[in-house]
Amino acid sequence: MTTPKREPSAVLLPVGGLIGQEVNLDVFLRQVVDRVAASMQADRGTLYLIDHSRGELFSRAAHLPELKQIRLKLGQGIAGAVALSGEVVNIPAAHDEQRFNPDVDKLTGYRTRSLLAVPLRDAPGEVFGVLQVLNRRGSGRFDADDETRLLGISAEVSQALQATSLYAELRRARARPEQPVGYFFNKVIGESAPMRAIYKTVQKAAQTDATVLLRGESGTGKELFARALHVNSRRADRPFVKVDCAALPGSLIENELFGHERGAFTGAEHRHPGRFEAADEGTVFIDELGELPLSVQGKLLRVLQDREFDRLGGTRTVQVDVRIVAATHRDLAQMVREGRFREDLYYRIKVVELQLPPLRSRGPEDLERLTRHFIATTARKHHLAGEPRLSSAALERLKAWSWPGNVRELEHCIESAVVLCDGEILPEHLPLPEASRTPSPQLAAPADAGPPLTLAEAERRHLLAVLARAHGNQTLAAKWLGIGRNTLSRKLQAAGLPKPSARRSGVAPRRRGGGRGPA
């Protein structure tokens with residue numbers, strides 16, 4: 001016997017009652033989805049909302065006990081297609097439909113047969129979510145009357161949601177398209193044209209397993225972008241493992257990456273899995289790739305080509321499924337010409353290459369946003385009663401400096417100023433050299449001001465500038481540069497620079513507790 005169909009009003013009136021009675025939004029949405037599934041005689045129901053800051057569709061409420069939350073890229077699966085097109089989609093046989101995404105069924109062990117999905121639209125007519133039901137009981141398929149009924153329900157649910165703070169937050173995210181993945185880039189501040197270009201490339205690369213090489217000066221945020229590539233990928237719920245080649249002696253890097261067997265060397269009393277095994281099905285971030293010894297580069301190439309390696313002292317080949325993201329501030333092409341980096345590895349590692357812009361080329365708008373961000377985070381970090389005000393004179397002085405240490409240098413500068421000021425950050429609170437009142441002609445010159453510097457000369461000047469900023473303190477300079485102190489010493493020696501000291505630099509050491517930076 002065919003179950004009689006209900007009129008739309010029989011569903012809408014109870015939903016309207018919930019809108020007036022329920023205070024907790026999540027409880028309300030769950031009850032709405034349960035009510036919709038029951039009224040549509042469906043096994044399952046899901047309410048998705050669009051998060052434009054992440055370019056995703058996420059389930060805010062689901063009549064689906066196996067999963068706490070479902071996330072789909074816009075355009076992925078039936079719900080993702082509805083979110084992009086705004087059209088009603090009625091699928092009688094889901095697994096015969098090319099657009100259907102079977103991943104959820106694989107996770108739950110539940111087989112979807114029929115599916116009906118309609119858009120949630122706001123007052124301007126823009127799609128901000130999707131309401132979906134699965135597997136109608138009785139006839140098994142959803143018909144045209146079901147489509148009309150679900151569209152009516154979605155209109156009332158949409159109206160109710162538009163009065164909530166959740167909808168307001170979704171609208172704010174939609175109004176910031178220049179920050180395309182704000183959630184995953186929550187530590188990356190920047191809306192300048194160079195940064196928007198990087199965001200777009202990261203989004204594209206993240207959808208694949210392609211190896212990515214991040215290039216840029218120290219302090220430009222290479223690790224943050226490596227994490228963004230990971231969390232925007234299908235591996236987001238798997239490990240993200242970092243290996244810093246500059247912080248490890250060359251003799252230990254191989255062991256850290258690939259691990260060892262018991263008895264492989266003196267003191268190896270137990271088997272030790274390496275970073276690649278720890279990151280299986282996830283992402284390995286190899287920082288300062290240019291510091292990787294030639295003896296290890298061949299094993300890394302094998303991982304890239306065949307996804308396998310041998311532990312130190314091992315006889316059994318280990319298979320891994322990892323995505324590799326690498327970063328360096330070195331000119332690897334030059335290192336290839338000098339025989340210090342394998343040419344075959346170089347081309348394998350730079351399938352996608354991203355050049356991160358230095359802070360000085362990102363424009364004053366990014367500098368000001370970063371400055372205000374660091375003021376706020378430092379005030380919270382040190383439990384201050386309020387955020388100090390940034391004076392216009394201090395902001396101008398910040399804009400005049402060329403920031404050889406990039407964002408990392410700016411962060412430490414602002415933290416010092418926030419701690420030492422009395423409610424307002426003035427120029428004298430900024431621990432910057434007097435030269436910061438005018439841009440460095442060497443570091444901030446326009447592209448057409450003359451022939452470009454060689455990489456070696458640019459790095460030498462960069463080291464000198466950071467050391468001057470740190471008053472010759474190598475430990476502090478290495479911290480700002482994001483490298484180990486021993487690595488900095490090697491770089492200074494290679495550049496023919498003498499070991500600096502506060503006395504030699506002509507700058508007196510700062511007094512403890514002083515309220516003013518160097519003049």
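Predicted model: local features only at pLDDT ≥ 70, side-chain atom pairs only at ≥ 80, totals over all residues.
Reader: How many aromatic pairs does the structure hold?
Author: The structure holds six aromatic pairs. Rings of Phe, Tyr and Trp (its six-membered ring) pair if their centres lie within 6.5 Å; planes under 30 degrees apart count as stacked, over 60 as edge-to-face and the rest as tilted. One of the pairs is phenylalanine 258 with phenylalanine 309, which is tilted, at 5.4 Å centre to centre and 50° between the planes.

Reader: Where do these two residues lie in the chain?
Author: Phenylalanine 258 is in helix H9 (residues 250-258) and phenylalanine 309 is in strand S12 (residues 308-310), 51 residues apart, and the pair links distant parts of the chain. Helices (H or I, at least four residues) and strands (E, at least two) are DSSP runs, numbered from the N terminus.

Reader: Are phenylalanine 258 and phenylalanine 309 buried or exposed?
Author: Both are buried. Buried means under 20% relative accessible area, exposed over 50%, and partly exposed in between (1.4 Å probe, protein chains only).

Reader: Which residues form the aromatic cluster?
Author: Phe258, Phe276 and Phe309 form one aromatic cluster.

Reader: Which residues of H9 are buried, and what covers them?
Author: The buried residues in H9 are Ile253, Glu254, Asn255, Leu257 and Phe258. Their cover includes strands S8 (240-244), S9 (259-260) and S10 (272-273), together with H10, H11 and S12. Contact here means heavy atoms within 4.5 Å. Glycine 259 follows H9, with a positive phi near 75°.

Reader: Turning to backbone angles, what is phi of glutamate 281?
Author: Phi of glutamate 281 is near 75°, a positive value in a residue other than glycine. Glutamate 281 sits in the loop between helix H10 (275-278) and strand S11 (283-287), and is partly exposed, with a relative accessible area of 38%.

Reader: And what about glutamate 288?
Author: Glutamate 288 also is a residue other than glycine with a positive phi, near 55°. Its place is in the loop between S11 and helix H11 (294-306). At 3% relative accessibility, glutamate 288 counts as buried.

Reader: Changing topic, how do H18 and H19 cross?
Author: The axes of helix H18 (residues 474-481) and helix H19 (residues 485-494) come within 9 Å and cross at roughly 100°. H18 and H19 are therefore roughly perpendicular to each other, a term for angles of 65 to 115 degrees, whereas those under 35 count as roughly parallel, over 145 as roughly antiparallel and the rest as oblique. Axes are lines fitted to C-alpha atoms, for helices over the stretch in contact, and angles run from 0 to 180 degrees between N-to-C directions.

Reader: Lastly, where is aspartate 366, and what does it touch?
Author: Aspartate 366 is in helix H14 (residues 364-381) and is buried, with a relative accessible area of 0%. Not counting residues up to four places away in sequence, aspartate 366 touches Gly190, Glu191, Ser192 and Met195. Aspartate 366 and serine 192 are 174 residues apart in sequence and 6.4 Å apart in space, C-alpha to C-alpha.

Definitions and conventions
Residues numbered from 1 in each chain as written. Heavy atoms only, no water.
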